[in-house]
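Before reading on, please take a moment to look at the sequence and the fold side by side.

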Amino acid sequence: MIKNINLAGTWQFAMDGDKTGIEKKYFAALPEDTISLPGTISMAEKGTPSDKREIGTLTDPYLFEGYAWYAKEISLADEDLDREIYLHLERTRMTKVWVNDTLVGEHDSLNTPHRYRLTDDITEKDFRLTVLVSNVD
């Protein structure tokens, strides 16, 4: 039986314009800023305000290029530890996912969902989930 857990809500958030967060181990702690998901960096008014107007494409009122870090403390029910656990991400750019300090994997596709199997990496019902989205190019 499939059980979906809605992760919408407030997430810890950090912008990493220099793309040094992997080396600095941003995944090892919760960032200080927050963002509401689902949503975008621009919708949350993060980044640099822009008065630029594009023709033929969407125009974001706030611009950011670099790595965007999202982290959340998750608490599962005891019985969930006996299930297969996946993280399913849609409509995103290149992503990397960590459970606590362990890199689970990465995906690089703009047109297919990113699906991460977390089962082997979640050993306790309370854990930190970190998602890096590469907001470049």
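This is a predicted model: local features need pLDDT of at least 70, side-chain atom pairs count only at pLDDT 80 or more; totals for chains, interfaces and linings use all residues.

Six strands form an open sheet in the order β2-β1-β5-β10-β7-β8, and their pairing is antiparallel. In general, the strands of a sheet pair through backbone hydrogen bonds, either parallel or antiparallel. At the edges of this sheet stand β2 and β8 (102-107), and because each has a single partner strand, one side of each is left without a neighbour in the sheet. From one strand to the next, the twist averages 30°.

Strand β5 deserves a careful look, since it is mostly covered, with eight of its 10 residues buried. β5 runs antiparallel to β1, to which five bridges join it, and it also runs antiparallel to β10, to which it is joined by 10 bridges. The table lists some of the residue partners in these pairings.

| Residue | Bridge partner | Strand of the partner |
|---|---|---|
| A14 | W69 | β5 |
| I74 | F127 | β10 |
| Y70 | V131 | β10 |

**The cores**

Which residues have the most contacts inside the largest nonpolar core? They are Y70, L87, L118 and L129, and the core to which they belong has 22 residues. At least two residues of this core are supplied by each of β1 (9-16), β2 (33-37), β5 (66-75), β6 (86-89), β7 (95-99) and β10 (126-135). Among the strands, β10 gives the most to this core, namely four residues.

The surroundings of L129 show how parts of the chain that are separated in sequence come together, for, leaving aside neighbours within four places in sequence, L129 is in contact with residues including L7, W11, Y70, I74, L87, V97, W98 and L118.

**A residue in β4**

Finally, Y62 is found in strand β4, which covers residues 62-63. When neighbours within four places in sequence are left aside, Y62 is in contact with S42, E45, K46, G47, T48 and P49.

Technical notes
Residues are numbered from 1 along each chain as its sequence is written. Side-chain values use heavy atoms; hydrogens and water are left out. A nonpolar core is a set of buried Ala, Val, Leu, Ile, Met, Phe, Trp, Tyr and Cys residues joined through side-chain atoms within 4.5 Å. Buried means under 20% relative accessible area, exposed over 50%, partly exposed in between (1.4 Å probe, protein chains only). Contact means heavy atoms within 4.5 Å. Two strands pair if DSSP finds at least two bridges between them. Axes are lines fitted to C-alpha atoms, for helices over the stretch in contact, and angles run from 0 to 180 degrees between N-to-C directions.
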